[in-house]
Amino acid sequence: MTAKPVQIRLRGVAKSFGGKRVLAGLDLDVHEGESLVVIGGSGTGKSVLLKHMIGLLAPDAGTVEVDGVRLADLDYREITIFRRRFGMAFQEGALFDSMTVWENVAFPLRRAGWPRERIAARVAECLELVHLEGAEKKLPAQLSGGMRRRAGFARAIALTPKILLFDEPTTGLDPVIKAVIDGVIVDLRRSLGSTTVTISHDMKSTFRIADRIGMLHEGRIIAIGTPEEIRACPDGRVQQFIEGRADGPLSD
Ligand SMILES: Nc1ncnc2c1ncn2[C@@H]1O[C@H](COP(=O)(O)OP(=O)(O)OP(=O)(O)O)[C@@H](O)[C@H]1O
Ligand SMILES: [Mg+2]
């Protein structure tokens, strides 16, 4: 891979909660325009890692830089504005409960000052992409978990941001919708050059969308490389994880 500029740079990032160390001095570079997938066991800190990239969590030690800007140097107002260059689909969906699906997806477009007709067209397009046509008027509480996740995904991509963070965008979705969402992630990178960081448990999705795969384990990225490199990685922990085996060094 040609050396693309680094868009997100983490150095020595450490984070503990109540004495429990989750990130243990983690280093990671995300390059402009790449699709990086972070894999790792449940509770290893993948969501925590993603939240550091967008400044929703601040490290106890170490630095997070996005486009050369140290997030720690930004005040509350600056970081709120800064965050607009990101789209993020949270694991929990994180929709506004009092807004309909349509209003949720329209929200970032309205805030960006788009005219009404363009908003309507873009919302329709995004909902169609995630196969949610017909759900426009529903409230989040009226949706299944999978539908909420898809609505969150549609909202994240509405403004086609330069950087997209997806926390398990396809977990719990049926295989067809999964393939559709994977296809949207690949397209975002191919046609728009967006940088995407996706957390996934699903190896099929991971190999479908990743330019590079990084594995988080015990607070650090223990292996990172192209799908071919990760498939050939000699680390037994990586092999156990990607093969989904019950026995191996991760279970010891
Ligand atoms: N805001 C918080 N306050 C306290 N503890 C937290 C907080 N956020 C995360 N943790 C803890 O940090 C650890 C890592 O959590 P995280 O959600 O990042 O795991 P994960 O790798 O995303 O797991 P999963 O695959 O199940 O989504 C967990 O032990 C979790 O309880
Ligand atoms: Mg998580």
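Threonine 44 sits in the loop between β3 (35-39) and α1 (46-53); helices (H or I, at least four residues) and strands (E, at least two) are DSSP runs, numbered from the N terminus. This is a predicted model, where local features need pLDDT of at least 70, side-chain atom pairs count only at pLDDT 80 or more, and totals for chains, interfaces and linings use all residues. Residues are numbered from 1 along each chain as its sequence is written, chains are lettered from A and ligands numbered from 1 in the order in which they are written, and side-chain values use heavy atoms, with hydrogens and water left out.

Not counting residues up to four places away in sequence, threonine 44 touches Val22 and Leu216, where contact means heavy atoms within 4.5 Å. Its side chain reaches the backbone oxygen of glycine 41 at 2.7 Å. That is a polar contact, a pair of N or O atoms within 3.5 Å; within protein, one must be able to donate a hydrogen and the other to accept it, and residues adjacent in sequence count only if both atoms are side-chain atoms.

Now the ligand. A polar backbone atom of threonine 44 is 3.2 Å from an oxygen atom of ligand 1. For lysine 46, a polar side-chain atom lies 2.7 Å from a ligand 1 oxygen, and for valine 48 a backbone N or O atom lies 2.9 Å from one. There are 14 residues around ligand 1, and Gly43, Lys46, Ser47, Val48 and Gln91 come nearest; the criterion is a heavy atom within 4 Å.

Which residues touch the most other members of the largest nonpolar core? They are Ile39, Phe153, Ile157 and Phe166, out of 42 residues. A nonpolar core is a set of buried Ala, Val, Leu, Ile, Met, Phe, Trp, Tyr and Cys residues joined through side-chain atoms within 4.5 Å. Helix α6 (residues 175-192) gives the most to this core, with 6 residues. Apart from it lies another core, of 29 residues, among them Ile8, Ile54, Ile163 and Leu165.

Last, helix α3 (residues 101-111). Its buried residues are Val101, Asn104, Val105, Ala106, Pro108 and Leu109, and they pack against α4 (116-129) and α5 (145-157). Glycine 113, with a positive phi near 80°, follows α3.

Terms used
Buried < 20%, exposed > 50% of the residue type's maximum accessible area, 1.4 Å probe, protein only.
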